[in-house]
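User: Could you walk me through this model and the site where its ligand sits?

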Amino acid sequence: FFPPSSSTTTYRHRCRTKLFSPAQMEYCHFHATTPRRQRRKIVVIMGPTGCGKSRLSIDLATRFFPSEVVNSDKIQVYRGLDITTNKIPMPDRRGVPHHLLGEIVDRHLTPSDYRSFAARSVSSISDRRKLPLVVGGSNSFIHALVANRFDPDSDVFHETEPDPVSKDLRYDCCFLWVDVAIPVLNQYLEKRVDEMLDSGMFEELEEYFHSGEFRESGESTGLRQAIGVPEFEPYFRKFPSHTIGTNHEVDSMRRAAYEEAVRAIKENTCQLAKRQAGKIQRLRGAGWDLRRLDATEVFRAAMGGLGSGSDSGSASGVWERQVVEPSVKIVKRFLAE
Ligand code: ATP
């Protein structure tokens, strides 16, 4: 990354001297010409869990440089359980700075808290002349951040609220919505849970259950809500130690409790994705200009090619063509407006 620039002149100089690529120049041109009183521009990447938001954020951040990510997943804001909550691993971030990702400790973050914390991050990023990319699946957090007028007592997605979604936004927003057909996404999500378990999710949860953090936290606060925690709680209560039982009966009870927890995690993850898709439809219905990027074929290609290098290669090609390239065009146009 270039160090933060203190003046527009430096940016103009870098543009003239071609220190930026064409996409970077596009962005620095936007900064050099945008009067301060205009609303800040932000790109918001939305979509259900598992659809590829984090990957798209890095693909865009490395093209629209310099950019920084502000997390809008209400569970990933907390420190800990990195595998269970699916935080983007450090090497995959490719040096792109992330805000509000695993930063919150010892407190519960409400939408109202998120509104002020994330607004601070957005201001800091855009004051340093970088592009803020807001990325995550919690639509109530996204609404809280961007709504011009925010009522902390109203649940925007509650059916009985009369017209609760704010159309009046305090940022100039480019909304990118990564959509995947639900049956295809469900198939992928079930496989993802198995992969998370292979990567150490069970061991991570075991450590968490035996930690003071779990014992001292309130039941519906912070990481206690993460999918995986309530589902594995009965297992860890019944079998507090990891030692393998000596009799077959205990072993088969342990296996049955484990399998029940995994089944519940898969079911609850698919339900979360469905709920998130429904909330996105509500925002769209309320008039938010969401630009839809259909990633269904990417997931079909990736799952059709389990274990085959050529198909995973073709999934990457489909991702580039169907998601990244249209997103780049949309963001370029948005920044040039
Ligand atoms: P919002 O209502 O803010 O749009 P949301 O789309 O994240 O939130 P909710 O329907 O509120 O979805 O469900 C949130 C629940 O989903 C959490 O309480 C938690 O159980 C689970 N959840 C959400 N994100 C994650 C995550 N990254 N890791 C684990 N569990 C998660």
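**Fold and ligand site**

Analyst: The protein's secondary structure amounts to 13 helices and six strands, taken as DSSP runs numbered from the N terminus (helices are H or I with at least four residues, strands are E with at least two). This is a predicted model, in which local features need pLDDT of at least 70 and side-chain atom pairs count only at pLDDT 80 or more, while totals for chains, interfaces and linings use all residues. Residues are numbered from 1 along each chain as its sequence is written, and side-chain values use heavy atoms, with hydrogens and water left out.

User: OK, how many residues surround the ligand, and which are closest?

Analyst: The ligand is surrounded by 16 residues, each with a heavy atom within 4 Å of it, and the closest are K74, S140, Q225, R275 and K279.

User: Which helix gives the most to that shell?

Analyst: Helix 11 does, with four residues; helix 11 spans 248–285, and helix 6 (139–146) also supplies at least two.

User: Where are the polar atoms, then?

Analyst: Counting pairs of N or O atoms within 3.5 Å as polar contacts, a backbone N or O atom of Q225 is 2.4 Å from a ligand oxygen, and one of N139 is 2.7 Å from a ligand oxygen. From the side chain of Q276, an N or O atom lies 3.2 Å from an oxygen atom of the ligand.

User: How much of the ligand's accessible area does the protein cover?

Analyst: The protein covers 85% of the 600 Å² that the ligand has on its own, by the Shrake-Rupley method with a 1.4 Å probe.

User: Switching topic, what share of the protein is buried?

Analyst: Of its 337 residues, 49% are buried, meaning under 20% relative accessible area (1.4 Å probe, protein chains only).

Conventions
Polar contact = N/O pair within 3.5 Å; in protein donor to acceptor, adjacent residues only side chain to side chain. Buried < 20%, exposed > 50% of the residue type's maximum accessible area, 1.4 Å probe, protein only.
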